[in-house]
Amino acid sequence: MIDAAVSRRAQELAGRGVAFVTATVVRAQRPTSAHAGNVALVLGDGTIEGFVGGACAEHSVRAYSLQTIETGEAMLLRILPFEGEGPGDAAGTGHEVAKEEGAVTVQNPCLSGGSIEVFLEPVLPAPRVLVVGDTPIAAAVRQLGAQLGLDIVEVADGVPEPAAGDLALVVASHGRDELHMLRRGLEVGVPYVGLVASRARGDGVIGELRGDGVSDRLLALIDVPAGIDIGARTPAEVAVSILAKVVATRRQERAGGPEDAAAPVAASTSTAPAIAIDPICGMTVAAVPGTASLEHAGETVYFCCEGCKAKFEAQHTHARSTS
């Protein structure tokens, strides 16, 4: 059963729209320090709140939790004791990883024995979709979109404006606030920008934006007429066609789909820390504050512990002294 304090913290984070992972130990084999039922929360900056094992186990939990935040998919993480000759063995495979659907198996060189299995479940904020307009189609998009797990936000008098991190902008206002909202959505890199308009009127709107200095590359991102062509006639049918495009964009963004001419040109807004490999033991670690590291040859090198860091320093000090 999840600890009451952890449960309250999880509710607080979810209420604030903060992405995190619930890491639950589902199986533990002695002599690991973790026990089945131990729970921790892993935030997007790599912070771990709670207990799921010692420092080395935490490195694996942290690294793969950050991956689940990126993919949005739960994962079973199996952490096994290292089976080679020891950290930094001749094969350079100090941290073996076997992957299968929904699970990853890690050989952890720091474990003194035993194994643990940790279920990593991401809790992600609903992606925001801005809907501009007081029209039947806009109302239908708002109503149906809420049932798809989207954070549907009605825009009134240009507020709120599109922001980095929004999933979609749907403009169905028949002229009101169109130009400003479309320009802003394109500038901040909203992945899906749809304009509810006929092809002829859409061409006119695009022409006005071009005249205001918006580049053709950005203008090519506007989906007009918005939605998939399903022969929609009613407002609800049009909303379905638009939301199908929004859902497809959401899944492609989460899966890291291939870029094409209609892909957003803005830089990624992801704040997930990078993943690094400890050059001594081969362990996967997250490049976050607090992870042992040093500067070498103009790059930051990360380690699972201060021991590996010291070995690396000793090796390169010896190499310099003998060269």
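This is a predicted model: local features need pLDDT of at least 70, side-chain atom pairs count only at pLDDT 80 or more; totals for chains, interfaces and linings use all residues.
**Notes on a pocket, a patch and a glycine**

1. Let's start with Ile 228: its relative accessible area is 37%, so this residue counts as partly exposed.

2. Where does Ile 228 sit? You'll find Ile 228 in the loop that runs between strand S12 (222-223) and H7. Ile 228 also belongs to a nonpolar patch on the surface, together with Ile 230 and Val 240. Taken together, the three have about 250 Å² of accessible area.

3. Now have a look at the second largest pocket, which has a volume of about 230 Å³. It is lined by 14 residues, and the closest to its centre are Pro 225, Ala 226, Ala 232, Val 238 and Ser 241.

4. Which helix gives the most to the lining of the second largest pocket? That's helix H7 (residues 235-255), with three residues. As for the kinds of residue in this lining, you get 10 nonpolar, three polar and one charged.

5. Last stop: Gly 189, in the loop between helix H4 (178-187) and strand S11 (192-195). Is Gly 189 buried or exposed? Its relative accessibility is 18%, so Gly 189 counts as buried; the cut-off for that is under 20%.

6. One more thing to check in the viewer is the pair Gly 189 and Leu 221. These two are 32 residues apart along the chain, and 9.6 Å separates their C-alpha atoms.

Definitions and conventions
Residues are numbered from 1 along each chain as its sequence is written. Side-chain values use heavy atoms; hydrogens and water are left out. On a 1 Å grid over the protein atoms alone, a cavity is a set of points where a 1.4 Å probe fits but cannot get out, and a pocket is an open set with protein on both sides within 12 Å along at least five of seven lines; lining residues have an atom within 4 Å of a point. Grid points are joined across faces, edges and corners, and a volume is the space filled by probe spheres set on the points. Helices (H or I, at least four residues) and strands (E, at least two) are DSSP runs, numbered from the N terminus. Ala, Val, Leu, Ile, Met, Phe, Trp, Tyr, Cys and Pro count as nonpolar, Asp, Glu, Lys and Arg as charged, and the others, Gly among them, as polar. Patches are made of residues with over 30% relative accessible area and no salt bridge: like charges are joined within 9 Å, nonpolar side chains (Val, Leu, Ile, Met, Phe, Trp, Tyr) within 5 Å. Accessible areas come from the Shrake-Rupley method with a 1.4 Å probe; for residues, only the protein chains shown count as cover. A salt bridge is a side-chain nitrogen of Lys or Arg within 4 Å of a carboxyl oxygen of Asp or Glu. Buried means under 20% relative accessible area, exposed over 50%, partly exposed in between (1.4 Å probe, protein chains only).
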